[in-house]
Structures are given as structure tokens and as C-alpha cells.
Amino acid sequence: MNIFKQLASTRCGFNGGMKSCRATCVSLLHSSSGTSVEVHSQDQEVVIALGSNVGNRVDNFNEALQLMKKSGMHITRHGCLYETEPVYVTDQPLFLNSAVRGITKLGPHELLRVLKKIEKDMGRTDGIRYGPRPIDLDILFYGKFRVNSEILTIPHERIWERPFVMAPLMDVMGSAMESDTVASWHSFSKLSGGLFESWEKLGGESLIGKNGLKRVLPTGNVLWDWSLKTSMMGILNLTPDSFSDGGKFQSVEAAVSQVRLMILEGADIIDIGAQSTRPMASRLSAQEELDRLIPVLDAVLKMPEVEGKLLSVDTFHSEVASEAIGKGAHIVNDVSAGQLDPNMLDVVAGLKVPYVAMHMRGNPSTMQNSENLQYDNVCKQVASELYLRVRDAELSGIPAWRIIIDPGIGFSKNTEHNLDILMGLPNIRTELAGKSLALSHAPMLIGPSRKRFLGDICARPAAAERDPATIAAVTAGVLGGANIVRAHNVKDNLDAVKLCDAMVKRERSQA
């Protein structure tokens, strides 16, 4: 007989406090023919685990998400993406694993049937249990309820023993208790610390990067483990009016020569921008920006030196982003996080590429006005505002596993704000974690290079004289947890990055 248990008023202790988890009423009727009729009066919040180790695993995830959306499930959050070693049956390819959180009107058994159909339509067949499969979709949680039937058990019975399930499950929540539904999920663990304690008992964050569990970001055909080293992004400005090197690389030949130099000096990523975003910069149309960008991008893509490197397009125009990615660029770097073009988030979602979401208030012409420089706690407010932008991105279909965050040094910030951010990157991650653990784990990019605040502090009015100060800022940022450094002077900043990475590695080896 099917048993559908409603959680009664349960209590879960977190951080010394007690949380009440009240349940709404849902009933399940069981007929003699073995069919179930589920009666419910409202949407239910669910968590679905995803796994794949056959074919193009990232494409499989993309297809599964689209089919889930077509079935009526509204996906609201995504976990990070993990490449994991197989368990139970170990002689098979590596898996990708993640989880999504969403809203559905389907009852639990209806949802199960939909997910099984998606698996079948994507080529999954009955084979070895725990063996290879193009897609695996499991219901981890359904509302505030336990389900125990012949064909379905919720919570999934093996959650608590599987790091590859627990890691992305934690990602789709925040460290703060946001709702009764989330509190009920914690109560399922039967530990006073809820899911947090369950995760820590498995090993928690100490498992990431070892024991066959790596966080990765898909870029082209590569799964990028950004934790292995801090990546260097070299800046190529094609504008006549950029604050540092405006006009130097407007010709295709000069641009190609600079790209070659930056790669020779150790750049991992080349960030190409054809629109100035300095304070009070005039705004180009998308077509004007493309006219500057495309001839250079075409030439750079033909360079043998760019093999194995990533190309980023620095733009807030969706049309420019679409054209550049279509040509062969890998990353969209948007200083506005979707605020200056209403189509940007939908376009990037369709492009299925990494997206740098940067914090900025207003636009380049207004970002430094007095209103946009008002903060009570800059790190806390940057994190809160950046979270809202990324939430919009997720709701538009850009998974958290494709997002890179940038606190926006020099954008709607004064000197003191920039210093607070450089010293407060861990605080930004902590603040983000309260709302989204996935976002708190995202790669973080910083770009202090030659910014005006460095010149103000060091009395260096000429931008080209600010490289020593840039190196100091980069050092503080990397030691604070930055994963990508954007700089004009690749050679000298890379030396600083390498030293910081060595110090961090040494510290971790002694922990």
C-alpha cells in the first residue's frame, strides 16, 4: 500500500536555535488497481538530482533541463557542477552531477513518471544498476513530505551516504533558513544540525577537489577546475578612449600583436572589449561595437597561439555577445549583469556559455554619482545586489554552474569601498552563502588593474604607472579567495599570482 506521510509540526535545531516546520495538507488515495490519485491544492517545491556519464554529459544536462521545463517544472535554482568518480560499479566513465530546485504542480508519482519518461526519451535503458547512463533524474525532496510507496521513496534513501548528491543538494540552499519547506528538508536528516551536519559528517568542503569530487565550469568542450590555480585574464581594449590604453590597439595588427604578447607572458584568458566602460564614457550602439570587435576577433581566432586559451567578450549588448560567441569566443563578460540590455540574460541562457556577472549601480555615465556611491556596508550590499542579479540570471535559464561573479572594483565605488572589497572578499562569499551556497562557491573575478583609486593612493596620475600598486591589489585579492585576475600587465601580475597560489597551497598542506 502507498503511504504518503505529511510531516507534522517538527522542530529542527540550527545554530543553537529551534525552527518550526509546519506542513500543509496533501492526501494520497490508493486504488485496488494499483494506481495512485494525488490530490493537492498548491505548488510544491522540489529538489531533483541529475547525473550523466554517457555521451556529452553537459549537453545531456541541458536537454534534461529543457524537458523538465516543458513538463511544467519551473526551475528556480541550480547547484554547482561536479565531476565525480563512479561508486558501486566503478568500471565506468566519470559522472557529472548536480541538482536543481524548482516548483511543480505535479504530484510526486506524476513527477516520477515525467522524469522516467525524460530518461527514456534521452536513451536510458534498463541495464546494470548504478551502471552507465546518459541521464539519471532522482527526486530528493518533494515539498515538506515523506513519500513511501512501492516505486518511490522521498527523501531519496541514499542521500546521506553520497557526497556526489549531498554537495549539489547543499548548493541549492542557503546557510540561512529561508522557509518552512527548507526547514523540513533539514529535519529529514534527523540530526540537530540538519543537512549541514549531514554534509559535514561526510567530510563537507574538505572533499571538494579530492576523493573523486571536483567542482567544474563547462567552457566549450572543457570542464574547467578553477580551483587548481588562479587564472590570468589579459585585457585587450579596442577603444580609443579607455582610461589606461585607449587607442593603442585599434588596428587589427596591433591587437593581434598584443594578444600574442599576453599569451607569451602566461595569460589563460583574453578579454576583448570594444566599448569603453570608464566613468562618463560615451555609449556605442551594438553595431558600432561589432564593427570594432569582429575584425579583431576573427584575426585572433586564427592565431595558433590561442589554442587551449579562452576568449572572453567584454560587452553589455546581447547582440554583441551573440555574434562574438557565434564566431568562437567562449565567455560573456557583462559589467552590468544584465541591467543594460533586457535581452542579455535570455540570450546568454541560449548561448550556454560562462557568464561573468559584475556588480555595478547605474551605467558608466552615472555609476560614480553620489547616489550610487551610498553604502552602509559595501561588502554586504554588493553581495546582496549581486545575488539579485544572479537570481534573475538563473530564472532566465543560466545555471549557477555557468556563472562567474565579479564584485566590480572601481564601478560605483570610491577609494574606501574598493579597499573594503579587496580586503573583504571572504565576507562577500559569506554573505552570498546566506542566500545561495552555489553562488558562494562560484569562481570570483577581480579587476583592480590600473584603476583610479590606486593612482589616488599612490599619487600616480598616469594609469601606466600604477602596475606596482596593481600587483599589491591583486596579491590581496588572490589571498582573499579570487580565482581569476583581470590585468593589463600580464607578466608582472602573473608572478604575484603564482606566489600567492604557492603560499595558499603551502598553507593548505599544513592544515
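Visitor: At what angle do helix α8 and α9 pack, and how far apart are their axes?
Guide: In this predicted model, helix α8, residues 318–327, packs against α9 at an angle of about 15 degrees, and their axes are 9 Å apart.

Visitor: How are α8 and α9 oriented to each other?
Guide: Angles under 35 degrees count as roughly parallel, so α8 and α9 are roughly parallel to each other. The crossing of α8 and α9 is right-handed.

Visitor: Which residues in α8 and α9 meet?
Guide: From α8 they are S318, A321, S322 and I325, and from α9 they are M344, V347 and L351. Sorted by class, this contact of α8 with α9 has five nonpolar residues, two polar ones and no charged ones.

Visitor: New topic, then. How many residues does the largest nonpolar core have?
Guide: The largest nonpolar core has 74 residues. Those with the most contacts inside this core are L236, I270, L293, V332 and I428. As background, nonpolar side chains in soluble globular proteins tend to be buried together.

Visitor: And what does V332 touch?
Guide: Leaving out residues up to four places away in sequence, V332 touches V313, A321, I325, M344, V348, V353, P354, Y355 and V356. Of these, A321 and I325 in α8, and M344 in α9, also take part in the contact between the two helices.

Visitor: What other core lies apart from the largest one?
Guide: Another core has 29 residues, among them V46, L96, L137 and I154.

Visitor: Is P354 buried or exposed?
Guide: P354 has a relative accessibility of 1%, and therefore counts as buried; the cut-off for buried is under 20%.

Visitor: What is P354 in contact with?
Guide: Apart from neighbours within four places in sequence, P354 is in contact with L217, P218, T219, H330, I331, V332, R402 and I404. P354 and M232 are 122 residues apart in sequence, and their C-alpha atoms are 16 Å apart in space.

Visitor: Back to helices. At what angle do α3 and α5 cross?
Guide: Helix α3, residues 163–171, and helix α5, residues 194–202, cross at roughly 140 degrees, and their axes come within 10 Å. That angle makes α3 oblique to α5, and the crossing of the two is left-handed.

Visitor: Which residues make that contact of α3 and α5?
Guide: α3 contributes P163, M166, A167, L169 and M170, while α5 contributes L195, F196, S198, W199 and L202. By class, the contact has nine nonpolar residues, one polar residue and no charged residues.

Visitor: What about α15 and α16: at what angle do they pack?
Guide: Helix α15, residues 467–479, and helix α16, residues 490–509, pack at an angle of about 30 degrees, with axes 9 Å apart. They are therefore roughly parallel to each other. Their crossing is right-handed. By class, the contact of α15 with α16 has nine nonpolar, three polar and two charged residues.

Visitor: Let us turn to the backbone. Which residues does a cis peptide bond join?
Guide: A cis peptide bond joins I154 and P155, with omega at about 0 degrees. P155 is placed in the loop between β12, residues 153–154, and α3. For context, most peptide bonds are trans, and most residues other than glycine have a negative phi.

Visitor: What is the phi of K190?
Guide: The phi of K190 is near 65 degrees, which is a positive value in a residue other than glycine. K190 lies in the loop between α4, residues 180–187, and α5. With 71% relative accessibility, K190 counts as exposed.

Visitor: And S412: what is its phi?
Guide: S412 has a positive phi of about 55 degrees, although S412 is not a glycine. The residue lies in the loop between β20, residues 403–406, and α11, residues 415–423. S412 is buried, with a relative accessible area of 0%.

Visitor: One last residue. What does Y387 touch?
Guide: Y387 is in helix α10, residues 378–395, and is buried, with a relative accessible area of 12%. Not counting residues up to four places away in sequence, Y387 touches R77, L432, K435, S436 and L439. Y387 and G434 are 47 residues apart in sequence and 10 Å apart in space, C-alpha to C-alpha.

How values were computed. Residues are numbered from 1 along each chain as its sequence is written. This is a predicted model: local features need pLDDT of at least 70, side-chain atom pairs count only at pLDDT 80 or more; totals for chains, interfaces and linings use all residues. Side-chain values use heavy atoms; hydrogens and water are left out. Axes are lines fitted to C-alpha atoms, for helices over the stretch in contact, and angles run from 0 to 180 degrees between N-to-C directions. Helices (H or I, at least four residues) and strands (E, at least two) are DSSP runs, numbered from the N terminus. Angles under 35 degrees count as roughly parallel, over 145 as roughly antiparallel, 65 to 115 as roughly perpendicular and the rest as oblique. A crossing is left-handed if the near helix is turned anticlockwise from the far one by less than a right angle, and right-handed if clockwise. Ala, Val, Leu, Ile, Met, Phe, Trp, Tyr, Cys and Pro count as nonpolar, Asp, Glu, Lys and Arg as charged, and the others, Gly among them, as polar. A nonpolar core is a set of buried Ala, Val, Leu, Ile, Met, Phe, Trp, Tyr and Cys residues joined through side-chain atoms within 4.5 Å. Buried means under 20% relative accessible area, exposed over 50%, partly exposed in between (1.4 Å probe, protein chains only). Contact means heavy atoms within 4.5 Å.
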